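Student: Please go through one part of this model closely, namely its backbone. I would like the details in one connected answer.

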Amino acid sequence: QVQLRESGGGLVQAGDSLRLSCAYSGGSFSAVDVAWFRQGPGKEREFVAAIRWNSMGTYYSDSVQGRFTISKSNMKTTSYLQMNSLKSEDTAVYYCAAKSRSISSAYRPQGPYDYWGQGTQVTVSS
């Protein structure tokens, strides 16, 4: 079955950069749309970024636009979230999610998604 595993989280200082990875297995990675979500302490889970199955479209929340970059390597069956200029408010557990690719007219970056990883903790100290 499909499995997602995040890695790359850690403790960094404000202004630092971090790259998260999401390893995908159990299906055709080239046929899935991928997204990253996060859940901060005491907060609800929120959308961070999404990328289409063929990497021909990327989407970001306003809070990370210009600082985060999502990418997808079908050859490596891995999605990445490059996070630059980190802020204390970026502290959260970050989750990778995937779903079978949608036609363009039906695509919604925020989901819903069928598969989820366990999450990786990112802590930004100010």
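**Backbone in the loops and the sheet**

Tutor: Serine 55 is partly exposed because its relative accessibility is 31% (buried is under 20% relative accessible area, exposed over 50%, partly exposed in between, with a 1.4 Å probe and protein chains only). The model is predicted, so local features need pLDDT of at least 70 and side-chain atom pairs pLDDT 80 or more, while totals for chains, interfaces and linings use all residues. Residues are numbered from 1 along each chain as its sequence is written, and side-chain values use heavy atoms, without hydrogens or water.

Serine 55 sits in the loop between strand 5 (46–51) and strand 6 (58–60); strands are DSSP runs of E, at least two residues, numbered from the N terminus. Its phi is positive, near 60 degrees. Most residues other than glycine have a negative phi, and most peptide bonds are trans. Threonine 77 also has a positive phi, near 45 degrees, and lies in the loop between strand 7 and strand 8 (78–83). With a relative accessible area of 30%, threonine 77 is partly exposed. A cis peptide bond, omega about 15 degrees, links glycine 111 to proline 112, and proline 112 belongs to the loop between strand 9 (92–100) and strand 10 (115–116).

Strand 1 pairs with strand 3 (residues 18–25) over five bridges, in the antiparallel sense, and glutamate 6 stands opposite cysteine 22 in strand 3.

Terms used:
Two strands pair if DSSP finds at least two bridges between them. Helices (H or I, at least four residues) and strands (E, at least two) are DSSP runs, numbered from the N terminus.
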